[in-house]
Amino acid sequence: MGATTAKKSRKPSGKSSKTSLNLADKRRLLEEMLFARRFEERCYEAYVERKIGGFLHLYCGQEACCYGVMEAARPGFDYVITGYRDHIHAIKCGADPKRVMAELYGKETGCCKGRGGSMHIFDTEKRFMGGYALVAQPFPLAAGLAKTIKMQGGEEIAICFLGDAANNQGNFHETLNMASIWKLPVLFVCENNMYGIGTRIDRSTAVLDQHVRAGTAYNMQVDVADGQDVEAVYAAAVKAVDYVRGQRKPYFLELKTYRYRGHSMSDSNAYRSKEEEQEWASRDPLYILRDRLIKAKKLTMKQFEDMDRGIIKQIEDEIIQFAEESPEPDPDPAEAEKYVLAENDPYVLVTNLGGK
Ligand SMILES: Cc1ncc(C[n+]2csc(CCOP(=O)(O)OP(=O)(O)O)c2C)c(N)n1
Ligand SMILES: [Mg+2]
């Protein structure tokens, strides 16, 4: 389910993304998104069983956003950063799902040695730069990554996935302004699920269309796409990624989407109407792609169900088992300190990857 390994070349090749998805790509994307859904649902169960502690924010319903964008980008080569709804972005960048699950379990084999947990998934080898709990914190970090790339003359781009409510925080405005005037190679992807915790966007935000906001206020190239349709996301992302990679300028892509579960596990999700939930459930990103493939006679329902069973089994037999059997971290405070102090600061990590 993972992605390609990081290619270290820093010379621009001028190569753009391929513009359409073939049948094999679509089937793989369906399988990857189904894996993401089942992974998150299994996290839900593990949380209820108290195997996972702390906060847990699930990505169910929004899968087409991450998979559509990253299909157009270069996972493991481009730098990716996001908020706390981060497990699936890490996996699509190439992080080992076993180590992501072990991180959620707080085990030593986790991708942050069990010290980060759900909101702080990190895999610098795959250039997945986290996983942040503070709303909008990744905006300036993404700009910093893009600035580093620009100074090094590399072909990478920085991709920052964040929610709609993050755009009401000061970091959004300062970062978009600077990214625009400094011409930074950063793609901002706004996963607009219309809610910031329990507050609907029209109660918190003056301009509802986030791409309009970014385009008019910060003189930035922008676009908007249906975040439930992975092919539509992919088509918009190809344009966005090619623009950022080719022009070395920022771009803002808004994706209209919906999260199926509450904001986090502690959210009773009582603020949305059943009608609204049902309307979005009828536009499930998995079923849009599945039904299109079935209609084109490229997939049968039986094949889909077999795929689903295989994924559920793989998650149980390989991923959950790995997390369950992994050792607990060393409780010595001196051990833990190693992972909370500046040594592992993202800036230092970028510098270690070859930055100046
Ligand atoms: C700086 C800061 N302020 C407030 C919070 C509390 N908080 C956590 S998530 C959230 C809403 C964010 O919503 P959005 O950006 O739309 O992302 P979504 O959860 O919908 O993916 C808020 C206000 C926080 N974590 N950090
Ligand atoms: Mg939101």
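A: Two strands pair if DSSP finds at least two bridges between them. Helices (H or I, at least four residues) and strands (E, at least two) are DSSP runs, numbered from the N terminus. This is a predicted model: local features need pLDDT of at least 70, side-chain atom pairs count only at pLDDT 80 or more, and totals for chains, interfaces and linings use all residues. Residues are numbered from 1 along each chain as its sequence is written, while chains are lettered from A and ligands numbered from 1 in the order in which they are written.

Start with the whole chain. The protein chain holds 14 helices and 7 strands. Its C-alpha trace spans about 55 × 50 × 45 Å along the principal axes. For 356 residues, a compact globule would have a radius of gyration near 21 Å; the chain has 19 Å, which agrees. That radius is taken over C-alpha atoms, and the globule rule is 2.2 Å times the number of residues to the power 0.38. Buried residues make up 49% of the chain. Buried means 20 or more other C-beta atoms within 10 Å of a residue's own; exposed means 12 or fewer, and partly exposed is in between, with C-beta atoms placed from the backbone.

Now strand S7, residues 251–256. S7 is mostly covered: 6 of its 6 residues are buried. Tyr251, Leu253 and Leu255 point one way. Phe252, Glu254 and Lys256 point the other way. S7 has parallel partners. Strand S3 (residues 186–192) pairs with S7 over 6 bridges, in the parallel sense. Here Asn192 stands opposite Lys256. S6 is joined to S7 by 6 bridges, and these strands also run parallel. In this pairing, Val222 has Phe252 of S7 as its bridge partner.

Asn219 sits in the loop between helix H8 (210–218) and strand S6 (221–226). Asn219 is not a glycine, yet has a positive phi of about 50°. With 13 other C-beta atoms within 10 Å, Asn219 is partly exposed.

Next, strands S1 and S2. S1 and S2 run parallel, joined by 4 bridges. Val80 stands opposite Ile159 in S2. From S1 (residues 79–82), Tyr79 and Ile81 point one way, and Val80 and Thr82 the other; all are buried.

Val80 and Thr82 also touch His89. A contact means C-beta atoms, placed from the backbone, within 7 Å. His89 lies in helix H3 (residues 87–93). His89 is buried, with 28 other C-beta atoms within 10 Å.

What packs around the strands? In soluble globular proteins, nonpolar side chains tend to be buried together. Here the largest nonpolar core has 91 residues. Such a core is a set of buried Ala, Val, Leu, Ile, Met, Phe, Trp, Tyr and Cys residues joined through C-beta atoms within 7 Å. Cys160, Val186, Leu187 and Val189 have the most contacts inside the core. Helix H9 (residues 230–247) gives the largest share of this core, 10 residues. Leu187 touches Ile157, Ile159, Ala240, Val241, Val244, Tyr251 and Leu253, again leaving out residues up to four places away in sequence.

Finally, the ligand. S2 (158–163) and S4 (195–196) each supply at least two residues of the shell around ligand 1. A residue is near a molecule if its C-beta atom, placed from the backbone, lies within 6 Å of it. Of the 14 residues around ligand 1, Val135, Gly163, Ala165, Ala166 and Gly196 come nearest. The shell divides into 8 nonpolar, 4 polar and 2 charged residues. Ala, Val, Leu, Ile, Met, Phe, Trp, Tyr, Cys and Pro count as nonpolar, Asp, Glu, Lys and Arg as charged, and the others, Gly among them, as polar.

One loop deserves a look too. Ala136 lies in the loop between H4 and H5. Ala136 has a positive phi of about 75°, although it is not a glycine. With 22 C-beta neighbours inside 10 Å, Ala136 counts as buried. Gly131 is found between helix H4 (97–104) and helix H5 (138–152). A cis peptide bond joins Gly131 to Gly130, with omega about 25°.

Key:
Two residues are in contact if their C-beta atoms, placed from the backbone, lie within 7 Å.
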